[in-house]
Amino acid sequence: MNSSIPQNPYSKLELMSIKGLIQDIDPQIWVDELDDLIDIRQKAFDGSIPLSMQNYSNFDLCEFQKCVFDQVNRQGLRMTSSKLNTCTISESNFKYSNLQFSKLDISAFSSSFDFSDFSNTVIENSLIKGCSFSESLFLRANMESTVFVACEFAGASFDHTRMMECDFSQANLDYSEFISPNLDNVILPYSSILHLLRGLGDILRCENVKIKEGTSNRIISVIDYKEEVRLLLPYFYNRRDYIAITNIYLLLGEQKKAYQSVIDCLRYACKQRNFRTIRYICQIASFAQLFTYSQLRDFFNAINGLVNVNELSFAEYNSYFQELGIARRLLVDQPYDNSIMEISIKTNIAKNDYNKLSRIYEMVDDIIRENSGTSQFTTTIRYNSPPELLVAITDQLPTLILIFASLRLIFLQTTDYIQQVQKVMLQHREIKAMDLDIRLKELQLRNEQKLKNNVTESGIILFNDISSVSYLLKANSQLPHDMRRY
């Protein structure tokens, strides 16, 4: 498929014929040569930016000095590898923006950055007030000497984020997550961090972190905080704040009480028809990785059994089924934030050759179980001509890699995927940290005899019975691009 930018099917004359109408609608939105404004690269701006560029342009490797973005509606902005030096952003909409690898020294007020990507971005010497960062990603971001006041971070992910000399005490971190954080001299909000989806234990293991509630002058250490929140359980029970209660019990390692708190939360949320809370408590339960598969299924069954859909309004009915689908993914289909690998095994056999088809099915089952005793998987046979097996597996990424390598080794007698993973391990520390090298070598040795057996078992399965083995990987971790599909 052609990936080039579509061209305007109308002539320049036809475009100019409506210029007057456009200017009557809004004198500021007419642009004569839009193509010249779409992608701006390696340009410096000092003090001001043309309004047409604010409305239409994307920026790469640009520098902005003391520029003002006021009431800019620029949803989907791309401003990558750029520098904003002493810039002001006010009452603007930058939802769904890409700000990767940029450096921000800003004053931002009453603006929205929801669903935006701040991966590898530096935010320093900034005051950010009344802004929203819901569902935004801060992967390997670096925050220094920055204050957040009355900011919202619901659904935001601080993934391997480094924070130094930052103050979040007046921000709302409810329903955000911290993954492997690096915090140094950071102040966090007292009650809000009890509503994190994950990472409470990680941030409290950072020694140079202080806890403070809003505008209060009282600041305590993480050691005092861990001792103190235990005493607040009666208060949270009185408020029926079961998310805080669950996080406290998980922090204290009291798994049985945490289990009951999740059940209580689901009961209360369903009774109040506050179905959004179902999502949050299911995320906490799944991400904690402390509950068994059976207990996670108990939570899902509770959601199913606590609501009479015949009593719901139309809006409540839609909300309930939306959250029920998310709960199923978190608790049943993809628990523990595992990855999903969808494998396609295309055959060359006749669709009525049930002996070979059954043998292939059994071998797939054996290979998966041999590499993992806990993988959840389904195998579907498409009776095309020839048949195709579709296998959906949920597990940790290293296990999925081993399963796929084994499938290609057995069915195609090739180590190409193993070589590809070994190559990736040299370039990506996250994959190298999985310690796959030794396991892949063991896999090759273990399967040598199987390869010989399959060659000699004529009439059961031969290598030319399989035409391809491929996958599409849906990983929750940051995956190298060349491993997303094979």
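Is Cys265 buried or exposed? I looked this up before anything else. Cys265 has 4% relative accessibility and therefore counts as buried (buried is under 20% relative accessible area, exposed over 50%, partly exposed in between, with a 1.4 Å probe and protein chains only).

**Ground rules.** I am working on a predicted model, where local features need pLDDT of at least 70, side-chain atom pairs count only at pLDDT 80 or more, and totals for chains, interfaces and linings use all residues. Residues are numbered from 1 along each chain as its sequence is written, and side-chain values use heavy atoms, with hydrogens and water left out.

**Cysteines.** I searched for disulfides, that is, pairs of cysteine sulfur atoms within 2.5 Å. The count is 0. Cys265 is in no disulfide, and the nearest cysteine sulfur, at 8.5 Å, belongs to Cys282. Cys282 is in no disulfide either; its nearest cysteine sulfur is that of Cys265, 8.5 Å away. I noted that Cys282 is buried, because its relative accessibility is 1%.

**A sheet.** I took helices (H or I, at least four residues) and strands (E, at least two) as DSSP runs, numbered from the N terminus. Two strands pair if DSSP finds at least two bridges between them. I found an open sheet of 4 strands in the order 22-23-21-24, with antiparallel pairing. Strand 22 (376-382) and strand 24 (466-474) are the edge strands, each pairing on one side only. From one strand to the next, the twist averages 15° (axes are lines fitted to C-alpha atoms, for helices over the stretch in contact; angles run from 0 to 180 degrees between N-to-C directions). I then looked at one pair: strand 22 and strand 23 (residues 388-395) run antiparallel and are joined by 7 bridges. Thr378 has Ala392 in strand 23 as its bridge partner. Helix 14 (residues 397-412) packs on the sheet and touches strand 21 (339-347), strand 23 and strand 24; contact means heavy atoms within 4.5 Å. The direction of helix 14 makes about 170° with that of strand 24.

**Ser92.** I found Ser92 in the loop between strand 7 (83-90) and strand 8 (103-109). Its relative accessible area is 4%, so Ser92 is buried. Leaving aside neighbours within four places in sequence, its contacts include Phe69, Val72 and Ser111.

**Salt bridges.** I counted a salt bridge where a side-chain nitrogen of Lys or Arg is within 4 Å of a carboxyl oxygen of Asp or Glu. The whole structure has 19. Which residue meets Arg78 in a salt bridge? The partner is Asp39, at 2.6 Å from N to O. Arg78 is in the loop between strand 5 (68-70) and strand 6 (79-80) and Asp39 is in strand 1 (residues 39-41), so this pair ties together parts 39 residues apart in sequence. Arg78 is partly exposed at 33% relative accessibility, and Asp39 is partly exposed at 44%.

Next I checked Arg198, which meets Asp337 in a salt bridge (2.9 Å, N to O). Arg198 lies in the loop between strand 18 (186-189) and helix 5 (200-204), and Asp337 in the loop between helix 12 (314-333) and strand 21, so the pair ties together parts 139 residues apart in sequence. Glu177, Arg198 and Asp337 are linked in a network of salt bridges.

My last entry is Glu323 with Arg276, a salt bridge whose closest N and O atoms are 3.9 Å apart. Glu323 is in helix 12 and Arg276 in helix 10 (residues 276-288), 47 residues apart. Glu323 is buried at 3% relative accessibility, whereas Arg276 is partly exposed at 35%.
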